[in-house]
Amino acid sequence: MPRPLWAGAISFGLVTIPVKIVSATEDHDVHFHRVHLTDMGRVRTRKVCELDDHVVSQDEIGKGYEVSKDQTVAVTDEELEQMPLPTAKAIEIVAFVDADTIDPVRISDSYYLAVDGQVAAKPYTLLRKALERSSKVAVAKFAWHGRERLGLLRIREGAIVLHSMKWPDEVRDPQELAPRAVEVGEEEIEQALQLADRMTIENLSGFRDEYREALEDIIAAKADGKPLPSPDEGEEKKSGEVVDLMAALNASVKAAQESRGEDHNGEDATVHEMHPAKKTGRTAPAKKKAASSKSAAAKKTTARSTAAAKKSAGKKTAAKKRSAS
């Protein structure tokens, strides 16, 4: 088990559950040292007092709050620990809410709550089962690292998880970032939903940090004095893998063409900015009437692409003739 980061108790009405906080995640990033490139010596940060220009040790460094330009007040860790807060050594559950009402933007770091002693096993299990059998999560307040925080308690594979949360006034209003109003057709929405269905997976366990792996390969090569890996040596994308929305739309158009036996001459379909389909007033043959709305939308997109390609080719031919004359 990882080293506990905090020890206290969950306060649940009149129930007290001794717990320890342990990190729920691990840092697998590649960390670099700052070095002097001429001799690879470590470059360290020196903590210097700006008044006497002397390097100070960690034992001489404390917390200070600037009351005014000419006055700074020192605050010790002992004074912070003795603050008259009910949450100083307790994760106090203050409410229960439906899980789907929590905005994910507000969730910050995640921690596991482990029982602290056998006496905590029964009340811990009681709270866990109560949360498991409901669609609710517990909202709690707790003091940690010099401030009171808002937390969220939920269950993950039999363990109680504590999510540190942002206070309501710490979340920025996104309205100013919202795009201007645009028209979106029903066929376009249906096409996007079909693409989402095709890209749906059961879990995210198959994803990995390819950047970190490539970085580790570079470090290993340099350490062994070998040439650096070439970009074309990386793992190739699987054939037909959808990597972005435009590629997905192109793949959908090609699939629709192939399902109708049409030949796209080996050229990529071009997907333009989507607009609601215009009515042409023509009467479609009975066979086309029976086709799905998806195939009809794909055909219109292909027709526009073909027309645009012919128009572009015509312009190039005309330009060559003028150049030759």
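**Close-up views of a predicted model: salt bridges and barrel**

**View A. Lys 136 and Asp 98 are joined by a side-chain salt bridge, with N and O 3.0 Å apart.** A salt bridge is a side-chain nitrogen of Lys or Arg within 4 Å of a carboxyl oxygen of Asp or Glu. Strands (E, at least two residues) and helices (H or I, at least four) are DSSP runs, numbered from the N terminus. Lys 136 is partly exposed at 37% relative accessibility, and Asp 98 is partly exposed at 33%. Buried denotes under 20% relative accessible area, exposed over 50%, and partly exposed in between (1.4 Å probe, protein chains only).

This is a predicted model: local features need pLDDT of at least 70, side-chain atom pairs count only at pLDDT 80 or more, and totals for chains, interfaces and linings use all residues. Residues are numbered from 1 along each chain as its sequence is written, and side-chain values use heavy atoms, without hydrogens and water.

**View B. Arg 128 and Glu 132 form a salt bridge at 3.8 Å, N to O.** Both lie in helix α2, four residues apart, and are therefore separated by about one helical turn. Arg 128 is buried at 18% relative accessibility, whereas Glu 132 is partly exposed at 42%.

**View C. Seven strands close into a barrel of mixed pairing, in the order β1-β2-β8-β11-β10-β9-β7.** Two strands pair if DSSP finds at least two bridges between them. Strands β1 (residues 6-12) and β2 (residues 15-23) pair in the antiparallel sense over seven bridges.
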